[in-house]
Amino acid sequence: MPKIKMPRSSPSLDMTPMVDLAFLLVTFFMLTSKFRANEPVVVDPPSSSSNILLPENVMLITIDTAGRVFFDLTGKDVRRKMLEAVSGKYKVNFTEQQYQRFSVMGTFGMPVAALPNYINAGEKERMKMDAGAPGIPIDSANNELADWIMQGYGASERDLSAKGLEGKALKERRIRYAIKADGQTNYLKVRKVIDIFREREIFQFNLITNLKGGPADLPK
Amino acid sequence: MAEVNSGGDDGGKGKKKRPKKGSTRIDMTPMVDLAFLLLTFFILATTLSKPKTMEIVYPKKVDKVEDKMELNDKLANTLLLGAKDDQVYFYPGKFKLDTTTLDKVDLSKDGLRKLLIERNKNVLAVIKDLETKYINHQIADSTFKRLRSKAKGDDKAPFFIVKTLDKTKYKIVIDVIDEMNISNVGKYAVVDMSEAEKIALKRETKE
């Protein structure tokens, strides 16, 4: 029997294609990515078979299982204008730095009075505050959510008209109202929020859901 | 300027400096490490897909009784949603406390969906007809959509009223609305349950 000779070759292999691929992917992700926004509450929305995507400009109301209400609005300039209007109404003053921080912040669930402290807080501190956040007050005596909604809507409209949009382009860019609630939230809490919108003549909503696996076909 | 001394053996003896004949390969392992590290970071830190949403239009609030729409009892269907996940009850027509019986339906394919399709079969027939026309390129995309929503909102199409308790979970409401969308039910509304219906539901669930 002849002895099996292992071929003697260098163990290093040409890694160039792999590097090419890796950098291609890195570039792709760098250019296409949008960073995940910091969410103060974890909400597990129910699933549905609907596959409509969330529109670009949205006002997002998040409701967690305990019924706490959180608010978010897209657009830096719009957020700033909204906070200016709310600040005027509630006589809570914000510094220039606070305006800037607020305009790039994500979802929040604080009463207006507690907002300056919340904006000033650092990342870790803010997370702690989020855990004990009371949510935005929605009861009829102190309905801050209604003010956020109206001022947010007003700020967005002013922003769009300043950009000179008209007709179809305006219709597409106009703010939409999204509601993200946990599946285990009582519907009553969701309805309360929806009623606040309805009282202000806003009737169309995008309810955020997870996509259900598998096609939803009709039984034959 | 910066200069690299490559040892002192060839210095000062007038020998010609020769470039080293080394391999042109460089060790790429650290670069690969870095590339994959970045790749992993971007994959984990990005939101790949936008969340999906369900569009819904709520009716305007009506306070005055005379402004309320008169509904045809023959086309009316009501779903009562209880506090627990499996408590979905159905009754057709108008509610009468002594004669109306509640039928329990489940949220499976053979439960609620079958019922909705059965009730909505006239509309579904029209939509199916439109779909075949659309597939055969007899009608355009916009026409198809327009005619489909017209068929859904037809005067003779059945409508469903979804009634909820204070304790009803959001998940069931979404599940039921989703079934409506799947079965092409165009006319539905989510409202509160009346006291009489609450009693009937309690009787049914034995609570």
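Predicted model: local features only at pLDDT ≥ 70, side-chain atom pairs only at ≥ 80, totals over all residues.

Reader: OK, which domains does chain B get?

Author: Domain 1 covers 72-118 + 158-207, and domain 2 covers 121-157. Those bounds come from an automatic or database domain assignment.

Reader: And how many residues of each are in contact?

Author: Seven from domain 1 of chain B are in contact with eight from domain 2 of chain B. On the domain 1 side, that gives three nonpolar, two polar and two charged residues. For the classes, Ala, Val, Leu, Ile, Met, Phe, Trp, Tyr, Cys and Pro count as nonpolar, Asp, Glu, Lys and Arg as charged, and the others, Gly among them, as polar. The C-alpha centres of the two domains of chain B are 26 Å apart.

Reader: What's the secondary structure of chain B?

Author: Six helices and six strands, in the order α-β-β-β-β-α-α-α-β-α-β-α from the N terminus. Helices (H or I, at least four residues) and strands (E, at least two) are DSSP runs, numbered from the N terminus.

Reader: Which strand order does the open sheet in chain B have?

Author: The five strands of this open sheet go β4-β3-β2-β5-β6, with mixed pairing. β4 (103-105) and β6 (188-192) of chain B are the edge strands with a single partner each, so one side of each has no neighbour in the sheet. From one strand to the next the twist averages 30°. A pair here needs at least two bridges found by DSSP between the strands.

Reader: In which sense do β5 and β6(B) pair?

Author: Parallel: strand β5 (residues 159-164) of chain B pairs with β6(B) over five bridges. Within that pair, B:V162 is opposite B:V190.

Reader: Which strands does helix α2 of chain B lie across?

Author: Helix α2 (residues 109-119) of chain B lies across β2 (76-81), β3 (88-92) and β4, at about 115° to β4(B). Axes are lines fitted to C-alpha atoms, for helices over the stretch in contact, and angles run from 0 to 180 degrees between N-to-C directions.

Reader: Switching to the core. Which residues touch the most other members of the largest nonpolar core?

Author: A:I179, B:L81, B:V173 and B:V176, out of 62 residues in that core. Helix α5 (residues 170-182) of chain B gives the largest share, seven residues. A nonpolar core is a set of buried Ala, Val, Leu, Ile, Met, Phe, Trp, Tyr and Cys residues joined through C-beta atoms within 7 Å. Buried means 20 or more other C-beta atoms within 10 Å of a residue's own, exposed means 12 or fewer, and partly exposed is in between, with C-beta atoms placed from the backbone.

Reader: What is B:V173 in contact with, leaving aside neighbours within four places in sequence?

Author: A:Y187 from chain A, plus B:L81, B:V162, B:T164, B:T168 and B:V190. As for chain B overall, 23% of its 207 residues count as buried.

Reader: Now the interface. How many residues of chain B are in contact with chain A?

Author: 40 residues of chain B, against 45 residues of chain A. α1 (29-45), β1 (52-57), α2 and α5 of chain B each supply at least two residues of the chain B side. By class, the chain B side has 20 nonpolar, six polar and 14 charged residues.

Reader: Which strand of chain A pairs with β1(B) over six bridges?

Author: Strand β6 (residues 204-211) of chain A, in the antiparallel sense. A:T209 is opposite B:K52 there, and A:L207 is opposite B:M54. Strand β2 (residues 52-53) of chain A also runs antiparallel to β1(B), joined by two bridges, with A:L53 opposite B:K52.

Reader: Last one: is A:E56 buried or exposed?

Author: Exposed, because 12 other C-beta atoms lie within 10 Å. A:E56 is in the loop between β2 and β3 (58-63) of chain A. A:E56 and A:E172 are 116 residues apart in sequence but 8.7 Å apart in space, C-alpha to C-alpha.

How values were computed:
Residues numbered from 1 in each chain as written. Chains lettered and ligands numbered in written order. Contact = placed C-beta atoms within 7 Å.
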